[in-house]
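Colleague: Could you walk me through the ligand site and tell me what each term rests on?
Modeller: Happy to; let's look at it together.

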Amino acid sequence: MGQIAPSILSADFTKIAEAVQMAEDAGGDVIHIDIMDGHFVPNLTFGPQLVSSLRNKTSLPLDVHLMIDNPRSFIPLFAEAGADWISIHVEASVHLHKDITLIKENGKKAGLALNPATPLLLIEEILEELDFVLLMTVNPGWGGQEFIESCHSKISNLKKWIRDQKLQIPIEIDGGVNLSNMEELIKDGADILVAGSAVFGEKNPREALTKMKGLVRKTG
Ligand code: DX5
Ligand code: ZN
């Protein structure tokens, strides 16, 4: 069954711990934490300290999405801080194999993230080493953007590729996910749906997340 990863990027930053606890209570499966460095993306967010502060506020896995240049130098810091999943961007790492290996050596689930215009071909040689693939379905940097429609076929192509190779690698979809497109995304082959503004941008985030979970259960 599909999973929902509420993204705290759209939460009230003065109440992040409460947002995480609500997300857990309402059935969120993992907590998505967006790390931005002002270089790889034109925005700044959090560092390892936030991850370590949240570590004892939830029993859910912490899914740390590194939208940063030179991810290698930060992998051990986020691992130490308590991240459970760490994804780095294909576009930000020259030595993908080395960096993915470093995440695994730190005992964490290793993911590769691809921007919307980055071809799947770039991960062909490393696919079987990955614990998950994160497909960006907006250009990274902000929450609340519109889903880029051409990404549907990228999701189904990746799913087919994974199945044909008899691999079990979950596909995480990040950007513009909402109640109206999630069923289609699951049909495309999405396994984990990141939801930022669709949860925390709503008047009643708990109700929004509960609805999303209900739809995931129905879709199977
Ligand atoms: C965007 C981030 C996303 C963001 C998604 O750069 O990687 O995780 O939180 O936000 P929504 O769900 O609002 O598109
Ligand atoms: Zn993200």
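Colleague: What makes you say that the space taken by ligand 1 is a pocket?
Modeller: This is a predicted model, and the space that ligand 1 takes up in it is the largest pocket.

Colleague: How much space lies in the largest pocket, and which lining residues are closest to its centre?
Modeller: The largest pocket holds about 230 Å³ of space. It is lined by 24 residues, and those closest to its centre are Gly143, Gly144, Asp174, Gly175 and Gly176. Strand 2, strand 8 and helix 7 (197-200) each give the lining at least two residues.

Colleague: Why is the pair between glycine 144 and ligand 1 called a polar contact?
Modeller: A polar backbone atom of glycine 144 is 2.7 Å from an oxygen atom of ligand 1; the cut-off for N or O atoms is 3.5 Å, so the pair qualifies.

Colleague: What about the side chains of histidine 32 and histidine 65?
Modeller: Histidine 32 has a polar side-chain atom 3.2 Å from a ligand 1 oxygen, and for histidine 65 an N or O atom of the side chain is 3.4 Å from one. Both are within 3.5 Å, so they are polar contacts too.
Modeller: As for cover, the protein takes up 100% of the 380 Å² of accessible area that ligand 1 has on its own.

Colleague: Which classes of residue make up the shell around ligand 1?
Modeller: The shell has eight nonpolar, 10 polar and two charged residues. Strand 2 supplies the largest share, three residues.

Definitions and conventions
Residues numbered from 1 in each chain as written. Chains lettered and ligands numbered in written order. Predicted model: local features only at pLDDT ≥ 70, side-chain atom pairs only at ≥ 80, totals over all residues. Heavy atoms only, no water. Polar contact = N/O pair within 3.5 Å; in protein donor to acceptor, adjacent residues only side chain to side chain. Areas by Shrake-Rupley, 256 points an atom, 1.4 Å probe, with all protein chains shown as cover. 1 Å grid on protein atoms, 1.4 Å probe; cavity = no way out; pocket = protein on both sides within 12 Å on 5 of 7 lines; lining within 4 Å. Sits in = over half its atoms within 2 Å of the grid points. Helix = DSSP H or I, 4+ residues; strand = E, 2+ residues; numbered from the N terminus. Nonpolar A, V, L, I, M, F, W, Y, C, P; charged D, E, K, R; others polar. Points joined across faces, edges and corners; volume = space filled by probe spheres on them.
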